Amino acid sequence: MRVDIVSIFPDYFAPLDLSLIGKARGTGLLDLSVHDLRTWTSDVHRTVDDTPYGGGPGMVMRPEPWAAALDAVASPAAQLIVPSPAGRPFTQADAHELAELPHLIFACGRYEGIDQRVLDEAAARMPVREVSLGDYVLFGGEVAVIVIMEAVTRLLPGVLGNADSLTEESHAAGLLEAPVYTKPASWRDRAVPEVLRSGDHGRIARWRRTESLLRTAARRPDMFAAYPPESLDKFDRAA
Ligand SMILES: COC(=O)c1ccnc(N)c1
């Protein structure tokens with residue numbers, strides 16, 4: 001997968017040199033380039049913003065540098081992802097969709113945002129997605145790109161040592177994952193649920209599913225309501 005990130009703060013992406021993303025870059029699973037938007041400015045002050053038409057607070061990112069940057073990094077297979085509080089909610093399903101794509105371009109907005117014509121013009125030549133990580137506002141899109149890059153990169157074949165991790169985790173089957181435990185068996189007078197130490201894999205699977213359903217019902221009634229009712233027939237508390 002090829003990824004190009006355009007930002008006025010390229011140093012924000014140093015974390016993408018670390019851990020499994022850094023390893024994916026090293027092994028060639030991920031071809032990631034980070035670009036400074038100011039590369040595509042032409043004035044001595046390397047200006048990327050200006051006052052908003054219609055008035056209002058703050059500044060808006062100018063179209064010219066963005067257009068030149070996108071022209072420079074685009075490819076026929078590219079899709080543009082723009083993190084924004086005004087975007088569609090980003091979900092695990094979106095992460096799976098993006099992980100299948102050959103080339104992602106991330107545009108990191110700052111200030112009050114990017115001139116809308118940049119997105120409109122880009123949409124004439126590639127798919128454009130504005131995505132939100134939740135109902136809150138950040139200083140800029142950079143942190144959101146790091147989050148999206150983690151969610152997507154971990155789904156790429158070969159990145160996670162054990163792909164089985166992807167099947168049991170939260171949101172993998174439309175449910176929140178069950179609680180997890182490790183040694184010691186008893187810690188500060190708190191014991192690991194006996195079923196997990198029983199060696200009875202059928203019981204363990206039923207217990208985990210029950211816990212997943214209970215957690216989802218308690219914490220995410222929206223997800224629970226969307227869970228296929230036929231799946232609940234197997235809702236078996238007799239773990
Ligand atoms: C500037 O970008 C944001 O503030 C942002 C991006 C993605 N999701 C959000 N909730 C906010």
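Modeller: Contact here means heavy atoms within 4.5 Å. Keep in mind that this is a predicted model.

Start with Val3. Setting aside neighbours within four places in sequence, Val3 is in contact with Leu30, Asp31, Leu32, Ser33, His103, Leu104, Phe106 and Met149. Val3 also belongs to the largest nonpolar core, which has 28 residues. Within that core, Val3, Ile5, Phe106 and Met149 touch the most other members.

Which elements each supply at least two residues of this core? Two are strands: E1 (2-7) and E6 (103-107). Three are helices: H1 (19-27), H3 (92-99) and H5 (142-153). The largest share, six residues, comes from H5.

Ser19 sits in helix H1. Its phi is near 50°, a positive value in a residue other than glycine. Is Ser19 buried or exposed? Ser19 is exposed, because its relative accessible area is 64% and the cut-off for exposed is over 50%. Tyr111 is in the loop between E6 and helix H4 (116-123). Tyr111 is not a glycine either, yet its phi is positive, about 60°. With a relative accessible area of 38%, Tyr111 is partly exposed. As background, most residues other than glycine have a negative phi, and most peptide bonds are trans.

Lys183 and Pro184 are joined by a cis peptide bond, with omega about 5°. Pro184 is in the loop between helix H6 (165-168) and strand E8 (186-187).

Next, the wider setting. The domain assignment gives domain 1 (2-153) and domain 2 (172-238). Their C-alpha centres lie 38 Å apart. The chain has nine helices and nine strands. Its C-alpha trace spans about 70 × 40 × 40 Å along the principal axes. The radius of gyration is 22 Å, whereas a compact globule of 239 residues would have one near 18 Å.

Last, burial and contacts across the chain. Buried residues make up 37% of the 239 residues. The accessible surface comes to about 13900 Å², and 54% of that belongs to carbon and sulfur atoms. Take the contacts between residues at least 6 apart in sequence: 74% of them join residues at least 24 apart.

Conventions. Residues numbered from 1 in each chain as written. Predicted model: local features only at pLDDT ≥ 70, side-chain atom pairs only at ≥ 80, totals over all residues. Heavy atoms only, no water. Domains from an automatic or database assignment. Core = buried A, V, L, I, M, F, W, Y, C linked by side-chain atoms within 4.5 Å. Buried < 20%, exposed > 50% of the residue type's maximum accessible area, 1.4 Å probe, protein only. Helix = DSSP H or I, 4+ residues; strand = E, 2+ residues; numbered from the N terminus. Rg over C-alpha atoms; globule rule 2.2 N^0.38 Å. Areas by Shrake-Rupley, 256 points an atom, 1.4 Å probe, with all protein chains shown as cover.
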